Amino acid sequence: MKVGFGPDGGPIFLSGTRIMTPAPRDVFTEPANVDPDTLANLGPLRRLAGRWRARKGVDMAPKAAGSERRVFIENIDFQAIDPQANGPQLFYGLRYHIHITTEEEDITFHDQVGYWLWEPATGLVLQTLAIPRGQVALASGIAKANADEIIVSSVRGSTENGICSTTFLEQAFRTDSYRITITFHEDGTWSYVTDTELQVEGQAATFAHQDRNTLHRVGEAKPNPWAAILAKRQGT
């Protein structure tokens, strides 16, 4: 059994890919005195908030003749959302949009939307993702509030951190696993590496699909709607 750690250093036990957190007896009552300022409560996600850009991302994708390496231009926008509660479970998070093109073509190379979520009580980090080719996923991991690295992953067939695809993608480019590693740097930039295992139709070996990039800030994050409303009322 693996052990992760919550923001207070307390243990969170993991069995396989399942994060084992105690189930509360009262599943209806939401937390009281929730801080409306999401940007102040994002833990390890705080350094993602804002707008980012890079011109030298690298994609390794499967093709009929083998693999293809492409260099891409990436823009990512992370904006704070209001705190979200599942009864007593409380998340602070960012809504994000990734848009990627290439120097060779103006058409969108990749488009992706979703949320990054942080549960302060346990150190749970979640990424939801959806791409407009009929695929969604929920990836999870554990991180400390001041972590310089975040890792979340998902696997095909899981009901807690799983991957769901259209029939065509399931048959032709089946995604067996997904993992993203985010690393924050002292100069204010951050990097990611995504590793995706694909079973491509007609190929015996699993294809290791990888993307990597280093992003530079081009814009600051805005306050979440609730915090902005309260600030306006207070005249700040």
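## Asp-211 and its surroundings

Leaving aside its neighbours within four places in sequence, Asp-211 is in contact with Val-58, Asp-59, Phe-72, Tyr-192, Val-193 and Thr-194. The model is a predicted one. Asp-211 has its place in strand 14, which covers residues 207-219. Although buried, Asp-211 has no salt bridge. The nearest side chain of opposite charge belongs to Arg-133 and is 8.5 Å away.

## The chain as a whole

The chain has two helices and 14 strands. It comprises 236 residues, of which 42% count as buried. Among the contacts with a separation of 6 or more, 54% are between residues 24 or more positions apart. The accessible surface of the chain comes to about 13200 Å², and carbon and sulfur atoms hold 53% of that surface.

## Nonpolar cores

In soluble globular proteins, nonpolar side chains tend to be buried together. The largest nonpolar core in this model has 35 residues. Within this core, Leu-45, Phe-78, Trp-116, Ile-182 and Trp-190 touch the most other members. Strand 6 (residues 89-101) supplies the largest share of the core, six residues. A second, separate core has five residues, including Ile-81, Phe-91, Leu-117 and Leu-126.

Which residues does Phe-78 touch, not counting residues up to four places away in sequence? The list consists of Leu-48, Ala-49, Gly-50, Trp-52, Leu-94, Arg-95, Tyr-96, Trp-116, Trp-190 and Ala-221. Trp-116 and Trp-190 are in that list, and both are also named among the core residues that touch the most other members.

## Strand 9 and its partners

Strand 9 spans residues 135-142 and contains Ala-139. Strand 8 (residues 124-131) runs antiparallel to strand 9, and eight bridges join the two. Val-125 has Gly-141 of strand 9 as its bridge partner. The hairpin formed by strand 8 and strand 9 has three residues between the strands, and in this hairpin Gly-134 takes a positive phi near 85°. Strand 9 also pairs in the antiparallel sense with strand 11 (residues 163-165), over three bridges. In that pairing, Ala-137 stands opposite Ile-163.

Is Ala-139 buried or exposed? With a relative accessible area of 0%, Ala-139 is buried. Not counting residues up to four places away in sequence, Ala-139 touches Val-125, Leu-126, Gln-127, Val-152, Ser-153, Ser-154, Asn-161 and Tyr-178. Leu-126, one of these residues, is also named in the second core. The C-alpha atoms of Ala-139 and Gly-162 are separated by 6.9 Å, and these two residues are 23 residues apart along the chain.

## An exposed loop residue

Asn-33 is found in the loop between strand 3 (18-20) and strand 4 (50-63). Its relative accessible area of 79% makes Asn-33 exposed. Asn-33 has a positive phi of about 55° although it is not a glycine.

## Salt bridges

The structure holds seven salt bridges. Three of them are listed here with the separation of nitrogen and oxygen.

| Arg-47 | Asp-148 | 3.0 Å |

Arg-47 and Asp-148 form a salt bridge. Arg-47 lies in the loop between strand 3 and strand 4, while Asp-148 lies in the loop between strand 9 and strand 10 (149-155), so the pair ties together parts that are 101 residues apart in sequence. Arg-47 counts as partly exposed at 34% relative accessibility, and Asp-148 counts as partly exposed at 46%.

Arg-70 is buried, with a relative accessible area of 16%, whereas Glu-104 is exposed, with 60%. Salt bridges that share partners join Arg-70, Glu-104 and Glu-105 into one network.

Notes: Residues numbered from 1 in each chain as written. Predicted model: local features only at pLDDT ≥ 70, side-chain atom pairs only at ≥ 80, totals over all residues. Heavy atoms only, no water. Helix = DSSP H or I, 4+ residues; strand = E, 2+ residues; numbered from the N terminus. Buried < 20%, exposed > 50% of the residue type's maximum accessible area, 1.4 Å probe, protein only. Contact = heavy atoms within 4.5 Å. Pairing = 2+ DSSP bridges. Areas by Shrake-Rupley, 256 points an atom, 1.4 Å probe, with all protein chains shown as cover. Core = buried A, V, L, I, M, F, W, Y, C linked by side-chain atoms within 4.5 Å. Lys, Arg positive; Asp, Glu negative; His and termini not counted. Salt bridge = Lys/Arg side-chain N within 4 Å of Asp/Glu carboxyl O.
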